[in-house]
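Thanks for asking me to look this over. My notes follow, point by point, with the model shown just below.

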Amino acid sequence: MRERMHTVSHWWNAQSRPVQWAYMVPVVIFILALPVINPPIITTEPYTDFPISLFNAAVFALIAIGLNVVIGQAGLLDLGYVGFFAIGAYTAALLSSPDSELGVRYPWLVIVPIAMLVTMLSGVILGTPTLRLRGDYLAIVTLGFGEIVRLLADNVDPLRGNRGFQNIARPGGDFPDGTPIFSQTDALGFYWLAVIIIVIVLLFMGNLERSRVGRAWIAVREDEDAAELSGVPTYRFKIWAFAIGAAVGGLSGTLFAAQVGYVNNQRFDITTSTLYLAAVVLGGQGNKVGVIVGAFLVSYIPDRFQFEPTYRFLIFGVALIILMIFRPQGLLGMRQHLLAYGRQAYQKLFGAGAAVAPSGLSASSKARGDLAETTPDDHAGTSPRGGGE
Amino acid sequence: MTDPTRLDGDPGEGILSSLEHMDAGERAEHDAAVASSVAPTRVSTVAQGETLLAVDGLTVRFGGLTALDDVSFDVKRGEILGLIGPNGAGKTTCFNIMTGVYRPTSGDILLEGRSLSRMKRYRIIQEGVARTFQNIRLFGAMTALENVVVGTDARHRTSVPGALLRLPRHHREEKEGVEKAMALLEFVGIADRAADKATALPYGYQRRLEIARALATEPKLLCLDEPAAGFSATEKDALSELILKIRDDGYTVVIVEHDMRVVLGVTDRLVVLDFGRKIADGHPDEVRRDPAVISAYLGGAIDEATPAVAEGDA
């Protein structure tokens, strides 16, 4: 079995990136169809609406992808990531809710780029003074950042604290039968949107990984001093990592706010940040597919076991502990491709027959399995964060 | 034959498999092609044999300890300069100042007349001073090839927007970087392990990989910090050969090394430090007869280098 996986992974790595994406198409279609199929054992119904559960998992996956840039790739421990999610959600609220003092009602598509810019900027503002710190110190400061954002939401009057904002803008469009594609009650459209956004973000993340930027991040993670003494402008690329991670966090915030249609100060606590971190560590830091799987599980398991309300978080916790004991590197180990022309280079060196899997043979030995596992994870279940609204 | 390091050849014919089928003449031609694609491409304002790096009255104090005391010496373009001295003499401190790890208490370091002592570390590398480390410091989770490409990135300018949108410069730099890195791996003799993670490489390969990564930044000056540490006699000879090959390819090298066989085998000139002061500077043959040097080695800490000096005299 292991050998077969290895053969498959070799075959997979020998394919060019566009071909790999072509193979992904049916997988993505299956992922998109999942809530319609509503498979018996997997479904979270009747306790939680399955599309909503999947939508929440997809938002969680998007967050994990963003956090993975910061933690998994650049190796910067960020314990306040929920802050960026909150800033994204609040930006959407302020720019579209009738409760907002700004008095504007921008459409969702206009809000998304604005929110991403705002969160990106907040990432830069947080990073500029703090990224001179390392390790534990950075963790403490980011923890503080998350709390500051939450306390601002609690106490700054225009942010309306517990009362929150109603009627946040959502994308338009109707199904042929006249019902809106994007609505609060039926999360199907939002789920599809989330999956498509994830695919696009993954594409861009892949571009970054196979470039000077991705290499700089990994170099910083592996040995920051050696990176700097090899000519990597470490500080600048750490700020980029923060900014990009923040932008993705903000994007997921707007997506979430649009689906729920309502934002108040209740969902941005430290526990949520911890769960984001758990998703990344569980799935495998530095493995994009891995963190998606991790996010799916963290979001889906509590939903799936909702029939056991007393013990469901106990089940969840025990599952986490067992997993960390047996797979400390996460479900899928670290895996990265850092060269845009890596495949050609290795083939030139070792002949066309050599399907080289650089960086992380053990993880890539699952290449095909990855895909199968990706499937559920993209449409993962509800998060313990907010439950399925 | 065409440049063996180019990507756009027939991918079926790998460098290694083709090497096996070469006769001596083809092999020499191939090596020359590799060497020429590794050779420095940057224009230096300094002529061959002129002062490339000037260390000028360098003093470094850590609290009460004076690690370097008013040390001055020059590195001429195209030479291999040995920086030697007993343990604790200040050799590595000197390297650390040259690459911006520490800042000097007073004095200055000038590369082609430009001061390095206020520059950010990564800027110093971009200016042209690259180094290896006494205790190997590779990026463990990267392949050998990726490690070297990080070095080539020091000369690249693509940042997030360019990489995100895969702009032409990104493609050009990616291709150029990988080709250069492949050539470098072959130049230092470890191309057969290009796809292996750095941590999976044997010790000697890791040392060579560090040299390749440093060379990838296209340095005007290459600083090697004890490159022969932990090597067997055969490996030391191979390393000496490599260092000479690097110099012959057009690079300038400063080497800190305890092993006298390597030092006397490769260096054109020696600077000797003892307790943070320069005690000798000159041709290796003169320096090893210098009474001050002999007393520093014999009278100071018992050092592995001592018998080697005596042996060299015999």
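1. What is the mean pLDDT of chain B, and what share of its residues reach 70 or more? The mean is 88, and 88% of the residues in chain B reach 70 or more. Here pLDDT is the predictor's confidence in each residue, from 0 to 100.

2. Where pLDDT is low, the predicted coordinates should not be read in detail.

3. A word on conventions: this is a predicted model, in which local features need pLDDT of at least 70 and side-chain atom pairs count only at pLDDT 80 or more, while totals for chains, interfaces and linings use all residues. Residues are numbered from 1 along each chain as its sequence is written, and chains are lettered from A and ligands numbered from 1 in the order in which they are written.

4. For the model as a whole, the scores are ipTM 0.88 and pTM 0.87.

5. In chain B, strand 1 (residues 51–62) pairs with strand 2 (residues 65–76) in the antiparallel sense, over eight bridges. Strands are DSSP runs of E, at least two residues, numbered from the N terminus, and two of them pair if DSSP finds at least two bridges between them. B:Arg61 stands opposite B:Thr66 of strand 2. Two residues lie between the strands of this hairpin, where B:Gly63 takes a positive phi near 60°.

Definitions and conventions: Helices (H or I, at least four residues) and strands (E, at least two) are DSSP runs, numbered from the N terminus.
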